[in-house]
Amino acid sequence: MRSLIVGSAVVIAVLGLGAPASAEGALEPLVGSAAERVTLSDQVAAAKWGTDSPIEDPEREQQVLDGVAVRAAELGLDAEEAKRIFRDQIEASKLVQRGLHARWSAHPDEQPTERPDLGEIRPELDRLGEAILLQLRDTDELRDGPSCDGRLLSAYVRTAHDLTALHQAGLGRAIPSICS
């Protein structure tokens, strides 16, 4: 599957399929913000490691989604679409957190030595959430277009190459609902 994704992205990039030059790379900032959010999941995982704080936190997740719906409406975005995209962001974070917790359980020497404060991480998550919402607004028309899937794949490939396999999987989970 991965070779199919990479192969498709190479064809898209080489042939420039379906895209006027003005929109080329337009989804990269959005995918980049999603990648930042996925990598921030490492700090969230470390904050929760060895505590009673569960990876799954439906109450907090609902608070985030409710806030996203309000802010999306303020920006003229479809609130349900924004919530769907942010559900993917949340699921991606949980995927990374579960992966790290499993790794740390199997390799105690790799466990975090410091526990970040979730209260200090949340403003960064909020900043990235706002950036994602603004980028959704700025790419609204493109995300509804027929070339969105190819552009999204291309942006993923260009962004994911610097990530670990776990974070690549997280980013892959974070972005599927970006195209309408």
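Is Cys179 buried or exposed, and what is its relative accessible area? In the structure described here, which is a predicted model, Cys179 has a relative accessible area of 12% and is therefore buried, the cut-off for that class being under 20%. The surroundings of this residue are taken up below, after an account of the chain as a whole.

The protein chain contains 8 helices and 0 strands, and its elements, read along the sequence, follow the pattern α-α-α-α-α-α-α-α. Of the 180 residues in the chain, 42% count as buried.

One of the helix pairs is formed by helix 3 (58-74) and helix 5 (residues 118-138), which pack at an angle of about 40° with their axes 11 Å apart. The crossing of helix 3 past helix 5 is right-handed. On the side of helix 3, the contact involves Arg60, Val68, Arg71 and Ala72, and these meet Arg122, Asp126, Glu130, Leu133 and Leu134 of helix 5.

A search of the whole structure for aromatic pairs returns 1. In this pair the ring centres of Trp49 and Trp104 are 5.5 Å apart and the ring planes lie at 80°, so the arrangement is edge-to-face. Because Trp49 belongs to the loop between helix 2 (28-48) and helix 3 (58-74), whereas Trp104 belongs to helix 4 (residues 79-106), the pair ties together parts that are 55 residues apart in sequence. Both tryptophans, Trp49 and Trp104, are buried.

Trp104 also takes part in the surroundings of Ala45, a residue that lies in helix 2. With a relative accessible area of 0%, Ala45 is buried. When residues up to four places away in sequence are not counted, Ala45 touches Gln97, Leu100, His101 and Trp104. Ala45 and Val96, although 51 residues apart in sequence, are 7.9 Å apart in space when taken from C-alpha to C-alpha.

The search of the whole structure for disulfides likewise finds 1, and this link is formed by Cys148 and Cys179, whose sulfur atoms are 2.0 Å apart. A disulfide is a covalent bond between the sulfur atoms of two cysteines. The link of Cys148 and Cys179 is left-handed, with -85° about the S-S bond. Since Cys148 is located in helix 7 and Cys179 in the segment after helix 8 (165-174), the pair ties together parts that are 31 residues apart in sequence. Cys148, at 1% relative accessibility, counts as buried, and Cys179, as stated at the outset, is buried with a relative accessible area of 12%.

A further pairing across the sequence involves Gly145, which lies in the loop between helix 6 (140-143) and helix 7 (148-160). Gly145 and Ser180 are 35 residues apart in sequence, yet their C-alpha atoms are 8.0 Å apart in space. In contrast to the buried Cys148, Gly145 is partly exposed, because its relative accessible area of 23% falls between the limits of 20% and 50%.

Key
Residues numbered from 1 in each chain as written. Predicted model: local features only at pLDDT ≥ 70, side-chain atom pairs only at ≥ 80, totals over all residues. Heavy atoms only, no water. Helix = DSSP H or I, 4+ residues; strand = E, 2+ residues; numbered from the N terminus. Buried < 20%, exposed > 50% of the residue type's maximum accessible area, 1.4 Å probe, protein only. Phe/Tyr/Trp six-rings, centres within 6.5 Å; stacked < 30°, edge-to-face > 60°. Axes fitted to C-alpha atoms, helices over the stretch in contact; angles between N-to-C directions. Left-handed = near helix turned anticlockwise from the far one by under 90°. Contact = heavy atoms within 4.5 Å. Disulfide = S-S within 2.5 Å.
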